[in-house]
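Reader: I'm new to this and would like to learn how to read a protein model. Can you walk me through one?

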Amino acid sequence: MKEILSVVGARPQFIKAAMVSRALKEAGIKERLIHTGQHYDDNMSTIFFDELDIPSPDINLEVGSGSHARQTGEIMVRLEEHLLQNDPPDCVLVYGDTNSTVAAAVTARKLHIPVAHVEAGLRSFNMLMPEEINRMVTDRLSDYLFCPTQTACDHLRKEGLTTGVSLTGDVMYDAVVHFSSTPVPATGHFSEGTYVLATVHRAENTDDPDRLAGIIQGLGSVGLPVLFPVHPRTESRLKGIRLPENISVIEPLSYVQMLHAIKGAFRVFTDSGGIQKEAIWLETPCITLREETEWVETLDRSWNVLVGADPVRIKSALDIEPESPPPALGRVGDVSASFRIASILASA
Ligand code: UD1
């Protein structure tokens, strides 16, 4: 493999790319990095490139916000233009389940460029989630399917996808191992174990006023201070809602600050995919504000509990004590996921 074109656009993709970009470089692969511009605020984008030492994107497609069709379509149009006007890469590498992921996969595939998907095979079996549609389409179009878990490989097999599938482990685990001991200046928020951390950004929660109200009511009743770094989508939906006094809404945190906030929390409440795993890796029990999870391994021994948006279940989940040890997930054998992915691409 001579040149990879990596496409990133949203916060969790910057974190994954930080690890894979390093490994590609070590494997002697040239990388062209394209930022779609899906996330564009400094604290949703630039801060990650600086803190995680990710090479500056070669190109920013600057698509910004929009409806799903508009955002996905704009990325496709602008990426296609780039691909047609420049030497084609040997492969397009995409991450996760965002509109940037599916847009790049469709565009590359129609130009007969091989597609590699990091975090292939994840399924929630909830077709109301835009992310589920993005995952299914991307997996169907990918030549290289890099699965973080055996469960993910099994999902692909059941869908008849067996060629190009590799169980690699989880690049987000590599990131936690790499960055969790990085010191951060004290944020002065709360001292260890005396607060809970909350994040909410999934459309199913933010765009349904009843669910959002249920979550806020639940968090208001937990009897501990709630540190709530707020995603721009959620911030706009919270306007006009009176928040309970124990909830402190703060700006989005950097990745390293977030790892420290997760580690120091008594519990983490989240609807994010990545944060469920980060909580387990940092040994903080997780309470997931959804009815299902793609990361079913996290549910073992009650380290992760699904509570939806129900205030009663949110409050009572605080009393659930997980059993030690936390579930082992993320690592396959003694080789990091990023290294494994780079090696497969290098020998392709
Ligand atoms: C996207 C992904 C989701 C991923 C998440 C990580 C899709 C369908 N969803 O959701 O899978 O878990 O990223 O955060 O791709 N906004 C800003 N500033 C920014 C970024 C976004 O104000 O820097 C606003 C936008 O105006 C938009 C809202 O936040 O209204 C949502 O952004 P969007 O890019 O649609 O997706 P996310 O909710 O972030």
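Reader: Let's start with strand E8. Which way do its residues point?

Author: Strands (E, at least two residues) and helices (H or I, at least four) are DSSP runs, numbered from the N terminus. Buried means under 20% relative accessible area, exposed over 50%, and partly exposed in between, with a 1.4 Å probe and protein chains only. In strand E8 (residues 196-199), Val196 and Ala198 point one way, Leu197 and Thr199 point the other way, and all are buried.

Reader: Before we go on, what kind of model is this?

Author: This is a predicted model, where local features need pLDDT of at least 70, side-chain atom pairs count only at pLDDT 80 or more, and totals for chains, interfaces and linings use all residues. Residues are numbered from 1 along each chain as its sequence is written, and side-chain values use heavy atoms, leaving out hydrogens and water.

Reader: Okay! Which strands does E8 pair with?

Author: Two strands pair if DSSP finds at least two bridges between them. E8 runs parallel to strand E9 (residues 226-229), joined by 2 bridges, and Val196 has Val226 as its bridge partner there. E8 also runs parallel to strand E11 (residues 267-270), this time with 4 bridges, and Leu197 is partnered with Val268.

Reader: What about a helix: how many residues of H11 are buried?

Author: Helix H11 (residues 255-264) is mostly covered, with 7 of its 10 residues buried. Among them are Tyr255, Met258 and Ile262.

Reader: And Gly273, is that buried or exposed?

Author: Gly273 sits in helix H12 (residues 273-281). Gly273 counts as buried because its relative accessible area is 10%. Contact means heavy atoms within 4.5 Å; leaving aside residues up to four places away in sequence, Gly273 touches Arg202 and Trp295.

Reader: Now the ligand. Which residues are closest to it?

Author: A residue is near a molecule or strand if one of its heavy atoms lies within 4 Å of it. Here 20 residues surround the ligand, and the closest are His39, Asp41, Ser65, Asn99 and His231. Helices H3 (68-85), H5 (130-141) and H10 (232-238) each supply at least two residues of that shell.

Reader: How far is the side chain of Ser65 from the ligand?

Author: An N or O atom in the Ser65 side chain is 2.7 Å from a ligand oxygen atom. For His231, a polar side-chain atom lies 2.7 Å from an oxygen atom of the ligand, and for His201 that distance is 3.1 Å.

Methods: Polar contact = N/O pair within 3.5 Å; in protein donor to acceptor, adjacent residues only side chain to side chain.
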